[in-house]
Amino acid sequence: MRLIDSHCHLDFPAFDQDRAAVIAHCQTLGVEKMIVVGVTRQHWSRLWDTVSNHDGLYGAFGLHPYFLAEHQDSDIPALVEQLSLYRDHPKLCAVGEIGLDFLLQELDPKQQIHLFEQQVAIAAEFNLPVIIHSRRANAQVTAILKKAKLPRAGIIHAFSGSYEEALEYIKLGFLLGFGGAATWPRATRLQSVLKRLPIASIALETDSPDMPPKWLAGQRNSPEQLPNICQHLADIYGLSSSEFAAQTSANVQHLLRLRN
């Protein structure tokens with residue numbers, strides 16, 4: 001079984017003590033490729049060091065809405081510079097993690113929208129897909145994406161919206177990321193949405209070290225959990241884990257154009 005973790009944060013300090021061992025173990029489990037997604041300018045160099053030093057890892061640079069207070073106006077030209085520096089590098093695969101988070105009231109919506117629109121425009125300029133964080137903001141995210149008309153679409157990370165919202169993203173060419181959240185017994189609405197979606201629009205992810213599956217409650221998540229997550233979601237979908245792994249990995253491989 002070959003798997004791709006379309007969203008993780010292996011550069012985070014939570015993996016400082018055993019990062020190499022975790023990555024090596026992932027490879028033995030069939031998790032062959034992992035996308036390490038950026039959140040702030042200060043972390044980009046750490047992220048790039050992580051992906052550069054390990055086979056099977058790919059990087060995305062972006063400014064996460066959760067860290068709105070940390071971002072500076074100079075971060076946008078810095079993002080352009082960073083993408084220009086690695087424009088033709090085989091390990092650069094996307095702009096992300098970007099988006100809107102309207103769940104947290106302390107994050108100013110107008111500032112978030114401005115930052116998001118700028119990064120979407122940059123992704124279009126560099127012909128890169130986007131990896132999007134959207135919480136209680138699917139209508140606004142969809143409206144911005146429709147206006148932007150991105151040439152390569154992207155992935156909606158940790159999708160938790162309705163079936164109708166999912167269809168809007170799919171019409172725009174986006175994949176929808178599913179991971180540990182869908183393994184919990186209480187996630188019946190999310191599971192029912194997953195069952196109805198075309199498998200060609202699904203990506204697997206862990207969001208490590210966050211969003212653990214039900215069997216890791218309160219513990220550090222890891223891409224090592226992806227085979228078990230895949231099995232659980234395949235059961236929900238009514239497919240074998242090997243079928244589910246093959247199709248979802250092909251979806252991500254095609255969208256992000258991952259090079260070996």
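Modeller: Two packed helices are described by the angle between their axes and the distance between the axes. In this predicted model, the axes of helix 3 (residues 75-85) and helix 4 (residues 109-125) come within 11 Å and cross at roughly 20 degrees.

Biologist: How is helix 3 oriented relative to helix 4, roughly parallel or roughly antiparallel?

Modeller: Angles under 35 degrees count as roughly parallel, so helix 3 is roughly parallel to helix 4. The crossing of helix 3 past helix 4 is right-handed.

Biologist: Which residues of helix 3 and helix 4 make the contact?

Modeller: Helix 3 contributes I76, L79, V80 and L83, while helix 4 contributes L115, Q118, Q119 and I122. Sorted by class, this contact of helix 3 with helix 4 comprises six nonpolar residues, two polar residues and no charged ones.

Biologist: Let us turn to salt bridges. How many salt bridges does the structure hold?

Modeller: The general idea is that side chains of opposite charge can pair when their charged atoms come close. The structure holds eight salt bridges. One of them joins the side chains of R2 and E32, at 3.5 Å from N to O. This pair links distant parts of the chain, 30 residues apart: R2 belongs to the segment before strand 1, and E32 to strand 2 (residues 31-37).

Biologist: What is the accessibility of R2, and what is that of E32?

Modeller: R2 has 61% relative accessibility and therefore counts as exposed. E32, at 33%, counts as partly exposed.

Biologist: Which residue meets R41 in a salt bridge?

Modeller: The partner of R41 is D75, and their side chains meet at 3.1 Å, N to O. R41 counts as partly exposed because its relative accessibility is 34%. D75 counts as buried, with a relative accessibility of 1%.

Biologist: Where do E168 and K171 lie?

Modeller: Both E168 and K171 are in helix 6 (residues 163-171), three residues apart, which is about one turn of the helix. Their side chains form a salt bridge at 3.4 Å, N to O. E168 is partly exposed, with a relative accessible area of 24%, whereas K171 counts as exposed at 66% relative accessibility. Salt bridges can also be read as a network, and here K146, E168 and K171 are linked in one.

Biologist: What are the contacts of H232, and how far apart are H232 and D108?

Modeller: H232 is part of helix 8 (residues 226-237). Leaving aside neighbours within four places in sequence, H232 is in contact with A182, T183, K214 and W215. H232 and D108 are 124 residues apart in sequence, and their C-alpha atoms are 37 Å apart in space.

Note on methods: Residues are numbered from 1 along each chain as its sequence is written. This is a predicted model: local features need pLDDT of at least 70, side-chain atom pairs count only at pLDDT 80 or more; totals for chains, interfaces and linings use all residues. Side-chain values use heavy atoms; hydrogens and water are left out. Axes are lines fitted to C-alpha atoms, for helices over the stretch in contact, and angles run from 0 to 180 degrees between N-to-C directions. Helices (H or I, at least four residues) and strands (E, at least two) are DSSP runs, numbered from the N terminus. Angles under 35 degrees count as roughly parallel, over 145 as roughly antiparallel, 65 to 115 as roughly perpendicular and the rest as oblique. A crossing is left-handed if the near helix is turned anticlockwise from the far one by less than a right angle, and right-handed if clockwise. Contact means heavy atoms within 4.5 Å. Ala, Val, Leu, Ile, Met, Phe, Trp, Tyr, Cys and Pro count as nonpolar, Asp, Glu, Lys and Arg as charged, and the others, Gly among them, as polar. A salt bridge is a side-chain nitrogen of Lys or Arg within 4 Å of a carboxyl oxygen of Asp or Glu. Buried means under 20% relative accessible area, exposed over 50%, partly exposed in between (1.4 Å probe, protein chains only).
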